[in-house]
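User: I have a model open and want to go through it piece by piece. Can you take my questions as they come?

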Amino acid sequence: MTAEWLRDAVLYEIYPQSFADSDGDGIGDLRGVIDRLDHVASLGVDAIWFNPCFASPFVDAGYDVSDYLQIAPRYGTNDDLVELVEKAGERGIRVLLDLVVGHTSIEHPWFQAELHAAGPSPEGDRYIWTEELPDRRWVVDLPGTPSWVPSPGPRPGWYLRNFYDEQPALNFGWLEPSEPWMDATDGPGPRRNVAALREILDFWLSRGVAGFRVDMAFSLVKDFEIEGGLAASTAIWRELREWLDEAHPDAVLIPEGPEPRTGERLAFDADFELVIFQAHSSLFDNRGAGQLPFHGHLEPFFDAEGRGSTRVFLDAIARARETDRRRMVLLASADHDFSRMRCGSRGPEQLGAAYTFLFTFGTVPCLYYGDEIGMRYLPGMPDVEGAICNPGYNRAGCRTPMQWDDGPNAGFSTADPSRLYLPVDPSPDRPTVAAQDGVPDSTLTLVRELLALRRETPSLQGTASTRWSRRATPSPGCAARRTWWW
Ligand code: NOJ
């Protein structure tokens, strides 16, 4: 079952650290978001996606969870989250959380228990351990890839990490276990983890949350190279989706990235053409700022020089809709892992074309906080909470504090600037909500107007059929549907 509400929705991503700080400690919090809900509502978005806000030592900005059922104290309490969900709901806005399930923090009690055990748990290990360093697979040390980490505690041997060393991979088993350290996907450890996933989903959905963006959703079963390997990860999600269809039918699950096609029923509600994928960068690439190390530098279509092509993007959309023409595709303005829509040579003058496309093409757009006023990606920011993955890849530049007004710290926080999560854009002409509010030609006004137009024009929404054509002039009879000429 696919949640109908998502089909024509517009999402708004909030990086909680940087949105609004209500208690003056320099870090954003849930009360700050509650206080700013009128701004979020004024944009015309339908749902907020929060980056992880659970208890965490914040080695990777909260993508290292130490308690899935507890809001991190620096953000507030579980009750604050419930209040936020209710107050957002009063404004017609749903709340999605970020589910980080490929790994936990090393501080999670599950990991601590196994670290302090002498050997495998009789109930099945939740993590992946080996006493001998395997001479095959995952011994390369690339950031963000699984690799073996020496045990830092009494348990002998090594554990497998998923991203940073402090993010041990949860054990979802192997399709063809061929080594002593591999469990089958239906082994007791993997099944314990699937059961835990269901409990986490149920816990938050029962508190009014509308669904989840799922971090590294296809990294659960790590048989990436063998046929059927990816299908084994998607099978876990399908099992959970079947349970959700009964228990929480309106809940949405959005994966990080496009869902692999396995010939089976799709488990997720949408594909996510994330900033790190070529389809996105072929449209909005930023000419170097924040560039990920692992894909080529594409000429962006939405750029003053206009040398790019839409081919890669259109092919991705066509692939996503091959078997289901109504399949939803999420397309973000930017996100917490990359740069911003306004970056490189793309200044405010060019944002209009990019946003007109983003909000009317027929995807489910996801607006990254601050992009509604054209906040800049700021190069050279300090490495805070794992933001710098390697010297060429600094995510901090897109995580700087929201710029509200011309007060201290741009209205983000009353803290001394030295205590801020990240520095505020120091430019005297930095954009702010207050300066753009109600101003006819501002980026903020444009975003609001585009979203209002989208809302009142069904043929601009996510479910309207789209036809793209290379012809220079429209043919008669095309007026009823959206047609884009390239
Ligand atoms: C993807 C998230 O978007 C990123 O911020 C995080 O560092 C990794 N997954 C690891 O969880």
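User: Which residue is the bridge partner of tryptophan 129 in strand 8?
Analyst: Tyrosine 159 is the partner of tryptophan 129. Keep in mind that this is a predicted model.

User: How many bridges hold strand 6 and strand 8, and in what sense do they pair?
Analyst: Strand 6, residues 129-130, pairs with strand 8, residues 158-161, over 2 bridges. The sense is antiparallel.

User: And strand 7, how many bridges join it to strand 8?
Analyst: There are 4 bridges between strand 7 (residues 147-150) and strand 8, and these two strands also run antiparallel. Within that pairing, tryptophan 148 has leucine 160 of strand 8 as its bridge partner.

User: Switching to the ligand. Which residues surround it?
Analyst: The surrounding residues are Asp60, Tyr63, His103, Phe163, Arg213, Asp215, Met216, Glu256, His336, Asp337, Arg395 and Arg399.

User: What does that shell look like by class?
Analyst: It has 7 charged, 3 nonpolar and 2 polar residues.

User: How far is the side chain of aspartate 337 from a ligand oxygen?
Analyst: An N or O atom in the aspartate 337 side chain lies 2.5 Å from an oxygen atom of the ligand. For histidine 103, the distance from a side-chain N or O atom to a ligand oxygen is 3.1 Å. Arginine 213 also has a side-chain N or O atom 3.1 Å from an oxygen of the ligand.

User: How much of the ligand does the protein bury?
Analyst: The protein buries 98% of the 290 Å² that the ligand exposes when taken alone.

User: Met216 is in that shell. Where does methionine 216 sit in the chain?
Analyst: Methionine 216 is in the loop between strand 9 (211-215) and helix 6 (229-247). Its phi is positive, about 45 degrees, although the residue is not a glycine.

User: What about phi of alanine 410?
Analyst: Alanine 410 is another residue other than glycine with a positive phi, near 55 degrees. The loop that holds alanine 410 runs between strand 15 (393-394) and helix 10 (433-436).

User: Is alanine 410 buried or exposed, and why?
Analyst: Alanine 410 counts as buried because its relative accessible area is 0%, and the cut-off for buried is under 20%.

User: Last topic, the whole chain. How many helices and strands?
Analyst: The protein chain has 11 helices and 17 strands. Its radius of gyration is 22 Å, close to the 23 Å from the globule rule for 486 residues, so the chain is as compact as a globular protein of that length.

User: What does the C-alpha trace span, and what share of residues is buried?
Analyst: The C-alpha trace spans about 65 × 55 × 40 Å along its principal axes. Of the 486 residues, 60% count as buried.

Methods
Residues are numbered from 1 along each chain as its sequence is written. This is a predicted model: local features need pLDDT of at least 70, side-chain atom pairs count only at pLDDT 80 or more; totals for chains, interfaces and linings use all residues. Side-chain values use heavy atoms; hydrogens and water are left out. A residue is near a molecule or strand if one of its heavy atoms lies within 4 Å of it. A polar contact is a pair of N or O atoms within 3.5 Å; within protein, one must be able to donate a hydrogen and the other to accept it, and residues adjacent in sequence count only if both atoms are side-chain atoms. Accessible areas come from the Shrake-Rupley method with a 1.4 Å probe; for residues, only the protein chains shown count as cover. Ala, Val, Leu, Ile, Met, Phe, Trp, Tyr, Cys and Pro count as nonpolar, Asp, Glu, Lys and Arg as charged, and the others, Gly among them, as polar. Two strands pair if DSSP finds at least two bridges between them. Buried means under 20% relative accessible area, exposed over 50%, partly exposed in between (1.4 Å probe, protein chains only). The radius of gyration is taken over C-alpha atoms; the globule rule is 2.2 Å times the number of residues to the power 0.38.
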